[in-house]
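Reader: I would like a close look at a single part of this model, with some account of the chain around it. Please take the structure below as the starting point.

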Amino acid sequence: MDWTWYLFRFEGRINRAKYWLAGLIIVCWMIFLAAIVAALGARSFGFSVNDIFKAVDPDTYRKLSRADLPLALAKLIGTPLFAWVFAATSIKRLHDRDKSAWWVLPFFVLPGLINQFVDRIGNDYVGFTLALISFVLATWGGIELLFFRGSRKTNRFGADPLYVSPTGRPGWDQQHELEVPTQKAGPPPQWRVKPEA
């Protein structure tokens, strides 16, 4: 498998299993980075989806102190990496469902922004309504990407990643067909004639 395409590029399709695997890879990277930061002496450290949306929140920068600098640097490195891998695999999974990449906005971006700023809304009814909208959109996105099968045929984003040809062999491989066997150079074969003939 091409890991660079799988984790960092946005074109193509992946199935449910590869999407689950990408989530596992992100969690393992988070644990690894958190262990490094803990080894450097931090007492509490963690990553969450909210870290992505804290980047647009001015209160995040007001609360930083010199003691928080190693944690802030680790999050500054880790959060964009995790967000990029999550976005790349989510978009490829949306492509498998024959949906545009724009569906990331209602499934992930809008709920994240609502959750980041909902506590600053003075009206409880508006806050509750926005929180409910956020929950419904995020749940719909999670169910859509984690549990529903992709389109069974080739769609506008590529071939079905689960397709197996009826013969059990891979389909026509253009590169294989273009290979020309090398010719052996040398003298023509010598025909030997028996002397009694």
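What is the handedness of the crossing of α6 and α7?

Author: The crossing of α6 and α7 is left-handed. This is read from a predicted model.

The geometry of the pair comes next. Helix α6 covers residues 104-117 and helix α7 covers residues 124-146. Their axes lie 8 Å apart and the helices pack at an angle of about 150°. Angles over 145 degrees count as roughly antiparallel, and α6 and α7 are therefore roughly antiparallel to each other.

On the α6 side, the contact is made by Pro 106, Phe 107, Phe 108, Leu 110, Pro 111, Ile 114 and Asn 115. On the α7 side, the residues are Leu 130, Ala 131, Ser 134, Leu 137, Ala 138, Trp 140, Gly 141, Glu 144 and Leu 145. By class, the residues of this contact divide into 12 nonpolar, 3 polar and 1 charged.

Helix α6 also holds Gln 116. The relative accessibility of Gln 116 is 10%; the cut-off for buried is under 20%, so Gln 116 counts as buried. Apart from its neighbours within four places in sequence, Gln 116 is in contact with Asn 50, Phe 53, Lys 54 and Asp 57.

His 95 is found in helix α5, which spans residues 69-96. With a relative accessible area of 7%, His 95 is buried. When residues up to four places away in sequence are not counted, His 95 touches Phe 10, Gly 12, Arg 13, Ala 101, Asn 155 and Phe 157.

As for the chain as a whole, the protein chain has 8 helices and 0 strands. Read from the N terminus on, its elements run α-α-α-α-α-α-α-α. The protein chain has 197 residues, and buried residues make up 26% of them. Among contacts in the protein chain with a separation of 6 or more, 73% are between residues 24 or more positions apart. The accessible surface of the protein chain comes to about 14300 Å², and carbon and sulfur atoms account for 66% of that surface.

To return to the part asked about, α6 and α7 cross with left-handed geometry, at an angle of about 150°, through a contact whose residues include Phe 107 of α6 and Trp 140 of α7.

Note on methods:
Residues numbered from 1 in each chain as written. Predicted model: local features only at pLDDT ≥ 70, side-chain atom pairs only at ≥ 80, totals over all residues. Heavy atoms only, no water. Axes fitted to C-alpha atoms, helices over the stretch in contact; angles between N-to-C directions. Helix = DSSP H or I, 4+ residues; strand = E, 2+ residues; numbered from the N terminus. Parallel < 35°, antiparallel > 145°, perpendicular 65-115°, else oblique. Left-handed = near helix turned anticlockwise from the far one by under 90°. Contact = heavy atoms within 4.5 Å. Nonpolar A, V, L, I, M, F, W, Y, C, P; charged D, E, K, R; others polar. Buried < 20%, exposed > 50% of the residue type's maximum accessible area, 1.4 Å probe, protein only. Areas by Shrake-Rupley, 256 points an atom, 1.4 Å probe, with all protein chains shown as cover.
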